[in-house]
Amino acid sequence: MSNKEKLPETTAMLADILKSYPPKVARKRSKSMVVNDPETIPEIQANVRTIPGIITQRGCCYAGCKGVVLGPTRDIVNITHGPIGCGFYSWLTRRNQTRPDADGENYMPYCFSTDMQDDNIVFGGEKKLKLAIQEAYDLFHPKAIAVFSTCPVGLIGDDVHAAAKEMKEKFGDCNVFAFSCEGYKGVSQSAGHHIANNQIFKHVIGRNSKKVKGKFKINMLGEYNIGGDAFELERILEKCGITLVSTFSGNSTITKFEQAHMADLNTVMCHRSINYVADMLEKKYGIPWIKVNFIGAEASAKSLRKIAQYFDDEELKNKVEEVIAEEMAEVTAVAAAVKPRTEGKLAMMFVGGSRAHHYQELFSEIGMKTIAAGYEFAHRDDYEGRRVIPNIQVDADSRNIEELHIEADAKEYLARKTPEELAKLEKEGFTFHDYEGMMAEMAKGTLVIDDISHHEMEKLIEAYKPAVFCAGIKEKYCVQKMGVPLKQLHSYDYSGPYAGFQGAINFYKEIDRMAGSKVWSLIRPPWQNSPELFAEMADA
Amino acid sequence: MIKSACDEDCRATVRLKIPDASDVAALTNPCKLCAPLGACVAFKGVEGCIPLIHGSQGCATYIRRYLISHFREPVDIASSCFVESATVFGGANLFNTGLDNLISQYRPKMVGICTNCLSETIGEDLRRMLQDYRIEHKKEVLPALVAASTPSYTGTHADGFHIAVRSMLAELSLPGLEKVKGRVNLLPGFVSPGDLDHLKEVITAFGLDPMVLPDYSETLDGGFQEEYSKLPEGGTPVERIKRAPEAEATIQFGRALAREEGERLGGGVWLERSCGVNCYRLGMPIGLRESDEFFHTLSMLSGKPVPARYKSERSRLLDSYVDGHKYLFGKRAVVYGDEDMVIGLASFLAEIGVNPVLCASGGISTHFADSVHAVTRNLGNTFDEPVTAINDVDFDRIFARAEKLKPDLIIGSSKGYKLARDLDIPLIRCGFPIHDRIGAQRILHLGYRGTTALFDIITNALMQVKQDRSPLGYKYI
Ligand code: SF4
Ligand code: SF4
């Protein structure tokens, strides 16, 4: 639908949505729904408990820990400690891809669960867990085994960490560690990211200080290789001559995690899920971090330039420009072909902790406008920028999640830049830890809604009839029943990649196909246009 | 030790050395899902019903995700969203708020409530909480509220499904109703929406008036509507469930269901014992013989002959058995999934000369192996290779056996894709979950018509293998 038609004014729209809630719910929800102004960014409420009975798209802490952060690593055997469902549901559902090395080690197609039974709940499940760890070890002799606690485990008091420690000592050649990521912790999967980051930092990073070859060494944090995104980024970086030491955690291995401290720069894609690791790597090893975004061709180019600027090497800068020019030729051609059909159309996206921000870039490259957006599990800083971090109130739900106290490593800490180099970069306008959040980049008057509910989504769609709505599979069929195509941004509708330059091309074509689909024009049968006939038939 | 107990004369029982789930601590690639999922599917088959999982929100999200990718329909499931403090103080407050919000937003006719492992572990008493809720809201007209206790550490999704069906009957049935002529209850188990449609059509054709529980033929396979409604149309009206004791009989599918008092007792047996409604316990009507039993039962109950339409469906099915015979005879299949479906498929396969060499399930019914053997024997034909029936196993164990068996085809959910790919044989998708093909909601397996459809799919898959692998490249086979 083109936006030439009169669209409802956003402030009135919000009032209208809130009207249908009981007063208490309305009061609570109103703080999570704002009309944007990039100049004076309004405060938004985020990362607060979901209201019971309001259907949420959020998952649990376990999902964030096991499913999101650790899921994409191929050579860690992941054991879910709990009853069967939690493990089953997180079995390969996120569609992260991986490319096993010659050794073929890849446990991602497997789902291991202790499948707790009645007596384990009553008498404890530690014994069974240890047996399961032993079995996994005997079966595969993996480098690492990770244990994930689900809700009942925390309650019956199994000490998963002690069990992991005991088994690790017993094996000697296999790193075993556990995560207390019971689903009820925190308010969404976000708590699970934090717990995952902490344990990976404690138990894995820094265990292997073997020199990594390469002149420009970086880590990519918060890239999960959905639909092969990481492969595209690996391709681009390699072409530029940049060495990727480790990715957290798309297409990753435990060995790469162990070597992460050998990189000289951390680039952060999904700020929400992994900024903790970036901070800790800087404190302990002196590796600075910058925010990048490889979703969108222009954004990718910008990110590459920023990496080159950091290393301050003429050869690299030139190489990067060369790669950009080469890649952009095809990108611009496809964008130009698609644009006449997509220009001016509206998009909405409610997803994730960074995607709802990043994907706006891709849409704007083909002339589409994002009229409303929001995250599912992000925090205020992901909306308003990192400057608000000191003012974020930590509530009871987040307080219980451990904050690691990190100090500079006596042996391995190394400042990557001299004060002079830093001063030079600063003069050039280079910024570190620079996440400005989603709202700074959204137009004035657009809507920003956190943890959108079903009801709110329906209202928005009814009012704005966007050309494409982006969310996940849980929303897909409901939105499509409202006559609007839904693009899944969790699983990419089983296609992709969408990152980098080739990814941008894929995305343009896909959106063009969706927004131009003819199926919506077939909704009305002919008899609906001849009501007399219809009435007669009904009477007969 | 293999759990399948079987009488001595049954030459089909084999004991293999591969460990089964009962011997090992970890399940690798489970062949079962969790109880609240089954309960939610059952609740979705009631008109205007919305399911609520009492516990932490992750389960509701995961379960929705799975159901939605199978049915390709919106599936709303609410949660009382437990947070850490609820694990200490209980979740009664969250439960009340959740119910309030759900009722005010959806205006449902029923809320189907089930527990997750967390609320079960802390010992939440749903019935008491519901009682308190009703007292507190006694001035309002509340929707029907039904609670089912579904800890996954005591059963699978299939168990959750049956528990929910029984809970609905137990909590809603009205006492002291007179029998009404022509009324029957049908408890079909976890079948496809397409199957439900067909079953209703068949029963009605006998002049009977069925109460199907659950009936998600429309709610989980809805058409496109110009006005989106939060709660999809269709489903069995609560009023009809209340009147279940009026029926002259109940037909309950599922040979794996318990026969004695206990958790897994089907709703039909409950109705028989508590309200005196005769229960006919049949197998899933897949294949000729099991369908015959179903049609025969309907004929008996209605006092009418089998309608001509179905007689001709039966004879067409027979005809196709004859036509396809040469492509099928002597083939060997691995079948896995929900116990009742596997039993039905085994019975059908045995009829068409395909040996179901391995019948497996993640379920834990004590009647599984007996039933598989019962339906695959007594055909006069003897396979020279035994039929192995095992339950309480995961895919790892199923695959390990399957690889040794070198079957010609596999029948089961999408989760067998890896096996099919490794063995380079066809996977015929049946059961739940199917997320790598479209149309899972429409797959028709039941009755003569459903069997014919399934028969074609299986035969064609094998014909294609023959064609593709032939050095001659048959154009005409
Ligand atoms: S906790 Fe229980 S109910 Fe929830 S997903 Fe896990 S197994 Fe299913
Ligand atoms: S039981 Fe807990 S950990 Fe498992 S899916 Fe549910 S909320 Fe998540």
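**Salt bridges and helices**

Tutor: A:Arg380 and A:Glu384 both belong to helix α16 (residues 380-384) of chain A, 4 residues apart, about one turn of the helix. Helices (H or I, at least four residues) and strands (E, at least two) are DSSP runs, numbered from the N terminus. This is a predicted model, in which local features need pLDDT of at least 70 and side-chain atom pairs pLDDT 80 or more, while totals for chains, interfaces and linings use all residues. Residues are numbered from 1 along each chain as its sequence is written, chains are lettered from A and ligands numbered from 1 in the order written, and side-chain values use heavy atoms, without hydrogens and water.

The side chains of A:Arg380 and A:Glu384 form a salt bridge, at 2.7 Å from N to O (a side-chain nitrogen of Lys or Arg within 4 Å of a carboxyl oxygen of Asp or Glu). A:Arg380 and A:Glu384 are both buried; buried means under 20% relative accessible area, exposed over 50%, and partly exposed in between (1.4 Å probe, protein chains only).

In chain B, B:Glu313 and B:Arg449 also form a salt bridge, with their closest N and O atoms 2.7 Å apart. B:Glu313 is in helix α12 (residues 308-328) of chain B and B:Arg449 in helix α17 (residues 447-469) of chain B, so this pair ties together parts 136 residues apart in sequence. B:Glu313 is buried, at 10% relative accessible area, whereas B:Arg449 is partly exposed, at 29%. B:Arg397 and B:Asp394 form a salt bridge too, the closest N and O atoms being 2.1 Å apart, and both B:Arg397 and B:Asp394 are buried.

Salt bridges also link residues into a network: B:Arg183, B:Asp209, B:Glu239, B:Arg240, B:Lys242, B:Arg243 and B:Glu246. Over all chains, the structure holds 62 salt bridges.

One more helix involves a ligand. Ligand 1 lies between chains A and B. Helix α4 (residues 84-89) of chain A gives the most to the shell around ligand 1, with 4 residues. Among the residues surrounding ligand 1 are A:Ile84, A:Gly85, A:Cys86 and A:Tyr89 from chain A, and B:Cys34, B:Asn116 and B:Ser152 from chain B (near means a heavy atom within 4 Å).
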